[in-house]
Amino acid sequence: MSRAVEQMNRAMLRARDVMDRAYADPLDVPGLARVAHVSEYHFIRTFRATFGETPHRYLQRRRVERAMYLLLHTGQDVTEVCHAVGFNSLGTFSRTFRQIVGESPTGYRQRRTVPAAPVPSCFTKAWTRPSSFG
């Protein structure tokens with residue numbers, strides 16, 4: 001791997017780390033591109049080439065992952081979870097949640113309240129993590 005590719009991968013990882021840490025904050029492509037020290041369009045192309053999805057989709061998936069946890073482990077209603085993970089609109093949150101998980105937030109909560117058989121947490125996390133790869 002060339003030094004330039006390695007530096008670009010590190011820049012993309014820095015931007016992704018910002019998204020992982022501040023997923024609930026209002027993040028935009030220009031700000032993330034500044035973190036990676038590249039132009040906006042180059043950031044989008046390089047992020048997609050590096051991680052297999054656009055920065056916007058990655059951020060949505062990260063927010064939905066956190067929402068899945070909050071729906072199962074807190075007593076917050078769906079609207080509170082929606083705002084806690086960084087969505088401004090309940091409709092957008094519900095539509096995005098359904099696209100990624102395959103069911104509505106309420107349906108996900110109701111279906112998952114049945115106690116599961118004890119399995120190692122690493123298997124549970126791998127099995128329940130949403131993926132954009134099908």
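Trainee: Is Phe97 buried or exposed?

Mentor: In this predicted model, local features need pLDDT of at least 70 and side-chain atom pairs count only at pLDDT 80 or more, while totals for chains, interfaces and linings use all residues. Residues are numbered from 1 along each chain as its sequence is written, and side-chain values use heavy atoms, leaving out hydrogens and water. Buried means under 20% relative accessible area, exposed over 50%, and partly exposed in between (1.4 Å probe, protein chains only). Phe97 has a relative accessible area of 0%, so this residue is buried.

Trainee: How many aromatic pairs does the structure hold?

Mentor: Rings of Phe, Tyr and Trp (its six-membered ring) pair if their centres lie within 6.5 Å; planes under 30 degrees apart are stacked, over 60 edge-to-face, and the rest tilted. The number of aromatic pairs in the structure is 6.

Trainee: What kind of pair do Phe47 and Tyr58 form?

Mentor: The ring centres of Phe47 and Tyr58 are 5.9 Å apart. Their planes stand at 65°, so the pair is edge-to-face.

Trainee: How far apart in sequence are the parts that this pair ties together?

Mentor: Helices (H or I, at least four residues) are DSSP runs, numbered from the N terminus. Phe47 belongs to helix 3 and Tyr58 to helix 4 (residues 55-73), so the parts tied together are separated in sequence by 11 residues.

Trainee: What is the angle between the planes of Phe97 and Tyr108?

Mentor: Phe97 and Tyr108 form an edge-to-face aromatic pair. Their rings are 5.7 Å apart, centre to centre, and the angle between the planes is 70°.

Notes: Helices (H or I, at least four residues) and strands (E, at least two) are DSSP runs, numbered from the N terminus.
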